[in-house]
Amino acid sequence: MTKAGTGTTVAADTPAPAVLLPRRRGIELALIVVAVLLSVYGYCHVGLARTGAVPPGAVGYGAGLGVLALLAHLAVRLRAPYADPLLLPIGVLLNGLGLVLIYRLDLQTPGDRAAPAQLVWSALGITLFAYVVAALRDHRVLQRYAYVCVAAALVLLTLPIFFPAVNGARIWIRIAGFSIQPGEFAKVLLAVFFAAYLAANRNALAYAGRRVWKLQLPTGRVLGPIVAIWLVSVGVLILERDLGTSLLFFGLFVVMLYVATGRTGWIAVGLLLATLGAVAVGRMEPHVAARIQDWLHPFASIEAGQGPGQLAQSLFAFAAGGVLGTGLGLGHSILIGFATKSDFILATAGEELGLAGLSAIFLLYGLLVERGYRAGLALREPFGRLLAVGLASIVALQVFVIAGGVTGLIPLTGMAMPFLAQGGSSVVTNWAIVALLIRVSHSARRQYDGQVAP
Amino acid sequence: MTRHIRYAAAFCALLLAALLVNAARIQVIQAGAYDDNPANRRQDIARYGQPRGDILVGGRPVTRSEDTGESLRYERTYTHGPLYAPVTGFSSQRYGTTFLEHAADGALSGTDPMLSPFTLWNDLARARNPGGDVVTTLNAAAQQAAFTGLGNRKGAVAAIEPATGRILALVSTPSYDPGALSGNGPAVTRSWLGLNEDPDKPMLNRAVRQTYPPGSTFKVVTAAAALDAGVIKDLDQRTDSPDPYTLPGTRTTLRNATHGCAHASLRLAFEKSCNTVFAKLGVDVGVTDMAATAHAFGFNDTRLRIPYSVAPSTFDTSVDKAQLALSSIGQYNTRATPLQMAMVSAAVANGGQLREPYLVERITTNRGATVSTARARPPRQAMNPSTARHMRELMRNVVEDGTGTHAVIPGATVGGKTGTAQHGVDNSGTPYAWFVSWAQGDHDLEPKVAVAVVVEDASAHRREITGGGVAAPIARAVMEAVLRS
């Protein structure tokens, strides 16, 4: 993933040569066309498999997705011409595939149609993407708003506490019939804040404190912020009963802290605190403890004669897919029941597209993350580097936490699969992440210094 | 910082690798175990996701598959549910399958590999063949005649084509509609509970799963054993049989319902159904030869499949002489299914050769291409051909001059034997009326049908329950139906 330095190696002390990288916007456009065509093909396949006819909305769906993707492409072409050509097509393909999967599940839940709303949210997300790409001339501007960001993030995180819990978690707010997860937006804001904070204070944080056994511990003065973040994470976990989000925040902070300071001591402290928090909450919260039990014994409810639980049904769905899958529209992942379209969307992909399709999806995410890291590597200024790493890590951690959860690798925590899962806030947030990565990679590739090929 | 970004990227790559390895674990290594987990409904969904093959009688399907649009989509319906219930059994989403629905399930549900021209391709594509059809040997007219003949009474009929063993009719009353058990809803549960609690046991397949004391109809076996063993050489020779007959080693005496049985010839004794003569005959033949003949007819055979299993009919071989005497007139531990008694009659009709009965003529794909036919079963010599000739004569006499005159069919030769089997403590139960027979049309080269009828009817007067009066007319209707078709 980090194949860097394959370009011409130039001595470190030479100034940046005026080598301009190719813009590659044509490649981006071609890939976008492929992504849209693949999505439309999937959409038609679902219709053919389930009803024997091409679904009536196929043209509209294809045109809608195509126009949106084209809008995004134009924004990139005009305002970020040097941006990485893979980021946008991956986003379009994942979003299009998500719409196909949700539409496919809609056919089996006639009372609950989620695809139209998801399309509207996707349109909103892509519009936001275009706006960010066009309006944000330089990502470094964001550095100035670090404390605004963290304040906004905290407000967004605490909002759902005042709303009723849904399925045991307080992470939604309902406004005019729309369910919004403010925690999703908070992720990006926090990443911006962390990047700005760490870029400014990395030297102080890197300063070694006491040495305990073989670990170089940070000094007490700079330990403050990390403890604060830890407390916020645990607070989120306890007040909102959302294991996934707090895990993500904390993981993100530890990764960024490590990248900023290069101190493995931080990782040790982070893991220790995370373990403490998880164990304490696992003991206190029956909701979390049940999830862990379910992970350890997914078939316990079957043995108890109560039928398969959600995780068991999810595992059955993946198993039914085998290597090649049943084909779009031909699986029975609807048996999972609740949250099939959101948290468990990956089970439908696994059953109907098989290990082959699932691996392809994982690799798409992998590629997205890799492009983010590559942009980070290519940049010279710490804020941009940390921002790129942070945003890419959000995607990586989120994919791991939810995909690992539904495949029984780690305890299941409610979280949206980026781009695929039903959920407006998530889609909009992910488009914002891709927009920021586009901006960062534009800067990186335009200022290419010949050292690390972005 | 660059180095640490690379380490962090390597960490992300590690997470990706973990996801991929875990996905392979679930989707490839564990897939088989998860697919076979009984709580995984996918196999059921696939099973009921396509119309089930049909069971055919006389070229017409007697089953259908109804699209319910539910998750277990196709439900079984039956065009003549109660009429064919002892043959088809039921196919229920909740309670599984019985009888042909069970025995031929692989073909009907489409999982049988022989239905597929390209087995390997199906394995790879995970495709399922359309359900195949099961063509039965039943004769629709005979089945209907038997069902109508039994009417509201409790009983069973089994009819066989003697030369082949094809089962022509298999009826059990009271019956039920197996379609009431199709599906998964609360109505199905109610039907199931109702049928199981019914004191008349409508789901009991009396033709093959219930054994009765065969009573006097067993005298066919005893007579054949006596002729085969050479105990009787001439049908008209006087036998040394007192009336009443004191059972050997006891003071119990056996009497007859009719007069003139003392020292009667075999012909007369068979015609009049003399208990004394046949009880003594059984003792004279001895337990070894009696058991051998009974076994040759199919008694004590636990392996018979038609293709579903048949309750074994029994002839007790560890008996003293008194018990052997009673066994020889179809009492004591001698018990037989109606199908078994039809086999006895069929063996007589077929020159002593017994053909194993079977129900499935052939199995075809849903397009009608035959994929398997009834395997040729080797015949079994139940008695000498000359004995069979004598037995046919004896049975003919019963219908022409004896207790079975209700079975006479103009334009056909009919042989039969009545039976009125007593049972219960001190014979207090209402007797079972039996009639076994065979018929050969005047233009036929060989007997076309062998029938066994049993009627157990608690509501009739005890006196009126006789094989000749109650069971013979039903047998005649069935035989007529076969001869006419």
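This is a predicted model: local features need pLDDT of at least 70, side-chain atom pairs count only at pLDDT 80 or more; totals for chains, interfaces and linings use all residues.
**Exercise 1.** Which residues does Ala388(A) touch, not counting residues up to four places away in sequence?

*Solution.* Leaving aside residues up to four places away in sequence, the contacts of Ala388(A) are Gly372(A), Tyr373(A), Ala375(A), Gly376(A), Leu379(A), Leu437(A) and Val440(A). A further step concerns Arg374(A), which is 14 residues from Ala388(A) in sequence, with a C-alpha to C-alpha separation of 8.5 Å.

**Exercise 2.** Decide whether Ala388(A) is buried or exposed.

*Solution.* The cut-off for a buried residue is 20 or more other C-beta atoms within 10 Å of its own. Ala388(A) counts as buried because 31 C-beta neighbours lie inside 10 Å.

**Exercise 3.** Work out the strand order of the open five-stranded sheet in chain B, and the pairing within it.

*Solution.* The order is E2-E1-E7-E13-E14, and the pairing is mixed. At the edges stand strand E2 (60–61) and strand E14 (370–373) of chain B, each of which pairs on one side only. Turning to the parallel pairing, strand E1 (residues 55–57) and strand E7 (residues 133–136) of chain B are joined by two bridges, and Ile55(B) is placed opposite Val134(B) in E7(B). Strand E13 (residues 360–364) of chain B, by contrast, runs antiparallel to E14(B), with three bridges between them, and here Thr364(B) faces Thr370(B) in E14(B). The hairpin of E13(B) and E14(B) has five residues between its strands, and in this hairpin Gly368(B) adopts a positive phi near 95°.

Key: Residues are numbered from 1 along each chain as its sequence is written. Chains are lettered from A and ligands numbered from 1 in the order in which they are written. Two strands pair if DSSP finds at least two bridges between them. Helices (H or I, at least four residues) and strands (E, at least two) are DSSP runs, numbered from the N terminus. A residue is buried if 20 or more other C-beta atoms lie within 10 Å of its own, exposed if 12 or fewer, and partly exposed in between; C-beta atoms are placed from the backbone. Two residues are in contact if their C-beta atoms, placed from the backbone, lie within 7 Å.
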